[in-house]
Amino acid sequence: MLDVTDRHCRYFLRLLAPGVRLYTEMITAQAVVRGDREKLLAFDAAEHPVAVQLAGRDPAQLAQAALIAADFGYDEVNLNVGCPSQRVQDGGFGVCLMLEPEVVARCVAAMRAVVAVPVTVKVRTGIDQHDDYEFFSRFVAIVAEAGCTTFIVHARKAVSKGLSPRANMTVPPLRHEFVYRLREERPELRVILNGGVRSIEAIEAHLLRVDGVMLGRKAAEDPYFLTEVQQRFFAGTTSAVPPGRAEIVRRMSAYAQHELGRGTRLREVTRHMLGLYRGVPGARRWRRLLSELPCAEGASADLLLRSTDFFRGSEVTALSDTVQSGRSGYLREIDTERGRDKQQREKEGARTQGKTGRQGGPLRAL
Ligand SMILES: Cc1cc2nc3c(=O)[nH]c(=O)nc-3n(C[C@H](O)[C@H](O)[C@H](O)COP(=O)(O)O)c2cc1C
């Protein structure tokens, strides 16, 4: 996902779900061939299995880019035939390639000829008035003929004019039935369903009809959900108890420390973590603290680590000490928020104590 699944994001998601396959942002073949390859393609070994997603329409250039990506160690090369942005349309690639399946077939064949890893295609169910099942299945048939055996289907058509890329993610209705039908008619293909999947129950239901499910926004907005995915679908390859959120922050802090040493800014790492506590009382304030953290004077990975103190019921002496020394407005902020929460807890405690006999406010949920 553009501006989302960069290498920092993928490292973070990998901590949450060791079993899932991760995808890079869409990268144009031209950028890979002519640009800063290290910056565009480098990734951490922990990210495996990881696929690179390429965009383009020139078979020779795509083949060159695929070869470069395969040399970097990617486990799959995926071709984007779903992006409706104007810039991408102007380049004649992305979703408008659905109108030119023969070109896509040539691109797939050229890439397959030079790499040993699977070459897959991510496509939509149609474009503009070409939104019937026959159009979609004809596209797949022509591309499959070139040797593509895995299709990831964003199960809605794209509207090429008058709808923003964001609206193209919600306005055209979902057509999951197209994906199921493709799987039924072409059992020799691996068909992965994408679009609007937001719960374990939905994944389970889809998996009865298709070979796999791809999550987009749910994973980005509520990343801790991936621990549930890991527990439910990759049980054999994982420990019985998922890592807690604070443990994830601890590991990301170590990662951030390492990255800061390489010149990465703290914000580049923390921006992917903002949804980690989603659904947990106090999440909104933690999110705010985390977004302000990189601006704090002398921001270090250690501050990231200590941001989870915000969720502890007990006094946080380390933070208070630093606040007293007046070193950081950010720390003062945490302390103020924590103080506010303490007051809130005390109020709630007083309210609930009579009823339950237990102490503790909403932040004890962790
Ligand atoms: C911010 C954002 C960036 C995206 N970037 C890409 C991309 O680079 N390549 C791609 O194939 N799809 C991209 N998509 C589309 C998603 O991969 C996915 O197909 C779409 O969001 C529907 O799935 P979902 O309902 O699970 O989010 C992007 C979506 C969003 C919201």
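**Sheet, helix packing and ligand shell in a predicted model**

Asp3 is found in the segment before helix 1 (helices are DSSP runs of H or I with at least four residues, strands are runs of E with at least two, and both are numbered from the N terminus). The model is predicted, so local features are reported only at pLDDT of at least 70 and side-chain atom pairs count only at pLDDT 80 or more, while totals for chains, interfaces and linings use all residues. Residues are numbered from 1 along each chain as its sequence is written.

Most residues other than glycine have a negative phi, and most peptide bonds are trans. Asp3, although not a glycine, has a positive phi of about 65°. The peptide bond from His48 to Pro49 is cis, with omega near -10°. Pro49 lies in the loop between helix 3 (37-41) and strand 2.

An open sheet is formed by 7 strands in the order 1-2-3-4-5-6-7, with parallel pairing (two strands pair if DSSP finds at least two bridges between them). Strand 1 and strand 7 (212-214) stand at the edges with a single partner strand each, so one side of each has no neighbour in the sheet. From one strand to the next, the twist averages 25° (angles run from 0 to 180 degrees between N-to-C directions, and axes are lines fitted to C-alpha atoms, for helices over the stretch in contact). Strand 1 pairs with strand 2 (residues 50-55) in the parallel sense over 5 bridges. Thr28 has Ala55 of strand 2 as its bridge partner. Helix 8 packs on the sheet, where it touches strand 5 (150-154) and strand 6 (190-194), and its direction makes about 170° with that of strand 6 (residues are in contact if their C-beta atoms, placed from the backbone, lie within 7 Å).

Helix 8 (residues 176-185) also packs against helix 7 (residues 133-145), at an angle of about 50° and with the axes 11 Å apart. Helix 7 is therefore oblique to helix 8 (angles under 35 degrees count as roughly parallel, over 145 as roughly antiparallel, 65 to 115 as roughly perpendicular and the rest as oblique). Tyr133, Phe136, Ser137 and Val140 of helix 7 make the contact with Phe178, Arg181, Leu182 and Glu185 of helix 8.

The axes of helix 1 (residues 7-16) and helix 12 (residues 245-261) come within 10 Å and cross at roughly 145°. This crossing, too, is right-handed. Helix 1 contributes Tyr11, Phe12, Leu15 and Leu16 to the contact, and helix 12 contributes Ile248, Arg251, Met252 and Tyr255. These residues divide into 7 nonpolar, no polar and 1 charged (Ala, Val, Leu, Ile, Met, Phe, Trp, Tyr, Cys and Pro count as nonpolar, Asp, Glu, Lys and Arg as charged, and the others, Gly among them, as polar).

The ligand is surrounded by 21 residues, of which Met1, Leu2, Met26, Gly216 and Arg217 are the closest (a residue is near a molecule if its C-beta atom, placed from the backbone, lies within 6 Å of it). At least two residues of this shell come from each of strand 1 (22-28) and helix 10 (217-221). By class, the shell has 8 nonpolar, 8 polar and 5 charged residues.

Conventions:
Contact = placed C-beta atoms within 7 Å. Left-handed = near helix turned anticlockwise from the far one by under 90°.
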